[in-house]
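Biologist: I would like a close look at a single part of this protein. Please take me through it step by step, and then through what surrounds it.

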Amino acid sequence: MNVESELQKAQNIYKENKKLIEKLKRWKRKDLDELFFDAHEAVFQDIDCMECGNCCKDLGPKVNNRDIDRLGKYINMRSGKVRQNYLEVDEDNEFIFKSMPCPFLKEGNHCSVYEARPRACEEYPHTDYPNMQKKLNITLKNSLICPGVYRILNKIRPEVFG
């Protein structure tokens, strides 16, 4: 997979994808969730996220207290120290990493805390979970970061526009 090429293609069809998202907002929840789940399953059979790692390089996930406790146990550090060393509070009053790329991202796009990674990381790119209606706008943005999301939108486009 050529990540840069795929993301350039995503940039080139961003306006088209924006129209797709607007059309999808009118779909029934159950149908929309099924459409995305099926596309996600098909697309991610052929993608190795380790080839890319853009989510870990560019996106700061929300980190909740449960995530902080789990990370602390995993790296043998008190929750307060995890907050102090790795996190800051954003404008929404939520914890995010102080810097990107993620401090736990290692060579070869390996996550050094994979087993204890934050829930937002585990669920990314959020295209195979219920209630896609609420995630459509972020899905459009994620199409510029994640080649998998770009491919998912390409896969569902014919079902929407015929």
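What is the volume of the largest pocket?

Modeller: This is a predicted model, and the largest pocket in it has a volume of about 1200 Å³. Rolling a probe the size of a water molecule over the atoms shows where empty space is left.

Start at the centre of the pocket. The lining has 49 residues, and the closest to the centre are Cys55, Ala120, Cys121, Glu122 and Tyr124. By class, the lining holds 29 nonpolar, ten polar and ten charged residues.

Helix 7 (119-123) gives the largest share of the lining, with five residues. At least two residues each also come from helix 4 (54-58), strand 2 (95-97), strand 4 (110-111), helix 8 (136-142) and helix 9 (147-161).

Now follow the chain out of helix 7. Tyr124, one of the residues closest to the pocket centre, is joined to Pro125 by a cis peptide bond, with omega about 10 degrees. Pro125 sits in the loop between helix 7 and helix 8. The loop between helix 7 and helix 8 also holds Asn131. Asn131 is not a glycine, yet its phi is positive, at about 70 degrees. Is Asn131 buried or exposed? Its relative accessible area is 17%, so Asn131 is buried.

Helix 8 comes next, and Asn142 belongs to it. Asn142 has 2% relative accessibility and therefore counts as buried. What packs against it? Beyond its neighbours within four places in sequence, Asn142 is in contact with Leu59, Tyr124, Pro125 and Val149.

In soluble globular proteins, nonpolar side chains tend to be buried together. Here the largest nonpolar core has 21 residues, and Leu24, Phe36 and Ile156 touch the most other members. Helix 2 (14-24), helix 3, helix 8 and helix 9 each supply at least two residues of this core. Ile156 contacts Leu20, Leu24, Leu35, Phe36 and Ala39, leaving aside neighbours within four places in sequence. A second, separate core has ten residues, including Val63, Val82, Leu87 and Cys102.

Helix 3 (residues 29-43) also contains Glu41. Glu41 is partly exposed, because its relative accessible area is 37%. From Glu41 to Asn154 is 113 residues in sequence and 14 Å in space, C-alpha to C-alpha.

Helix 5 (residues 65-75) has the buried residues Asp67, Ile68, Leu71 and Gly72. They span an arc of only 130 degrees around the axis, so they lie on the same side of helix 5. Their cover includes helix 6 (79-86), strand 1 (87-89), strand 2 and helix 7. Exposed Arg66 and Lys73 are on the face of helix 5 turned away from its buried side.

Last, the loops on either side of strand 2. Asn93 is in the loop between strand 1 and strand 2. Its phi is near 65 degrees, a positive value in a residue other than glycine. Asn93 is exposed, because its relative accessible area is 65%. Pro101 is in the loop between strand 2 and strand 3 (105-106). A cis peptide bond joins Met100 to Pro101, with omega about 5 degrees.

Notes
Residues are numbered from 1 along each chain as its sequence is written. This is a predicted model: local features need pLDDT of at least 70, side-chain atom pairs count only at pLDDT 80 or more; totals for chains, interfaces and linings use all residues. Side-chain values use heavy atoms; hydrogens and water are left out. On a 1 Å grid over the protein atoms alone, a cavity is a set of points where a 1.4 Å probe fits but cannot get out, and a pocket is an open set with protein on both sides within 12 Å along at least five of seven lines; lining residues have an atom within 4 Å of a point. Grid points are joined across faces, edges and corners, and a volume is the space filled by probe spheres set on the points. Helices (H or I, at least four residues) and strands (E, at least two) are DSSP runs, numbered from the N terminus. Ala, Val, Leu, Ile, Met, Phe, Trp, Tyr, Cys and Pro count as nonpolar, Asp, Glu, Lys and Arg as charged, and the others, Gly among them, as polar. Buried means under 20% relative accessible area, exposed over 50%, partly exposed in between (1.4 Å probe, protein chains only). A nonpolar core is a set of buried Ala, Val, Leu, Ile, Met, Phe, Trp, Tyr and Cys residues joined through side-chain atoms within 4.5 Å. Contact means heavy atoms within 4.5 Å. The arc is that of the directions from the helix axis to the C-beta atoms.
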